Amino acid sequence: MQIVILDDYQDCVRHLAAFRKLAAHSVTVYNDSTTDLDELARRLAAAEAVVLIRERTVITPALLARLPQLRLISQTGKVASHIRLADCTARGVAVAEGSGSPYSTAELTWALVLAAMRHIPREVAGLQAGRWQQTLGRQLRGRRLGVWSYGKIGRLVAGYGRAFGMRVWVWGRESSTAAARADGYEVAPSRAAFFTESDVVSLHIRLTPTTQGLVTAEDLALMQPEALLVNTSRAELVEAGALGAALQRGRPGQAAVDVYEQEPVLGAAHPLLALPNAVCTPHLGYVEQDSYELYFGQAFDNILAFTAGQPTNIANPEVL
């Protein structure tokens, strides 16, 4: 089978143990990213199967129309808004999906909390430049951690906060807060209190049309000058432009983000990167060895099952 893997930024997929599963197939891997329709059509012209790394490439009807050989899209993790199943079904393209693990993203979230609260990036850069101790960080113990959405990742982050001696509370939908209460966590009395009284606010909300722009400029303005907003979920959860403006006004005092409206961010072309009170990482949440072995192992297993005539985990089974 002719297989194409897109957007492997670090050229690491070929070095995974899971990659050996495709030894009997012809595989082409692209390490850069493009949104140009003609270039995508050229790269995928001979592909019978394409492997997508999360939502890095959007599959449009115009692109599908130019890929007559394509039979299968094998998605790492769950299908999201970058693929319309109805469009794929109309073209006779099956879409297989996998699952994911919350641990790597939760761990990165906590790394960002520690990095921002102790000013680690600035201190590392200062030491490399010949300077010694420039900031005064703050410990987490005794401070208030606000977790918005108590799902798989939010649950882990709340546990990390508890282990560090933080006073953890949760905000979100009724089902989310009920689960948090059942695990012994406090629920914030109101949305305003959640933002006003949290020393650290961590967002773990799923992006949907109803949650886009959920966190507003008014919410951010309630945060204290010493507070930290952490977003390892999706950039679009925050009102467009609101976070940069809020950081410039000093409420919240800091942000740590791993996600952006347009990715990849190249040439430092994002306004948050110019702000001294923003700690920014290049969407590393799930980009970790064990997660990649899981994601790609499942994606490759789905390809092998499809080629064997026993398709698994098909999100649009009506196409079969």
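**Where the two domains meet**

Between domain 1 and domain 2 the count comes to 1 salt bridge (a side-chain nitrogen of Lys or Arg within 4 Å of a carboxyl oxygen of Asp or Glu). Glu-55 pairs with Arg-234 in a salt bridge, with 2.9 Å between the closest N and O atoms. The model here is predicted, so to speak of local features takes pLDDT of at least 70 and side-chain atom pairs count only at pLDDT 80 or more, while totals for chains, interfaces and linings use all residues. Numbering runs from 1 along each chain as its sequence is written, and side-chain values use heavy atoms, leaving out hydrogens and water.

As for the domains themselves, the assignment (bounds from an automatic or database source) gives domain 1 as 2-100 + 289-319 and domain 2 as 102-280. Their C-alpha centres sit 32 Å apart. Contact (heavy atoms within 4.5 Å) takes in 7 residues from domain 1 and 5 residues from domain 2.

Together the two domains bury about 390 Å², 33% of it on carbon and sulfur atoms; buried area is the accessible area (1.4 Å probe) that two parts lose on being put together, summed over both. On the domain 1 side, Tyr-9, Glu-55 and Ser-291 lose the most area to domain 2, together 51% of what that side buries.

Turning to the cysteines, the structure has 0 disulfides (cysteine sulfur pairs within 2.5 Å). Cys-88 is buried at 0% relative accessible area, whereas Cys-12 counts as partly exposed at 21%; buried means under 20%, exposed over 50%, and partly exposed in between (1.4 Å probe, protein chains only).
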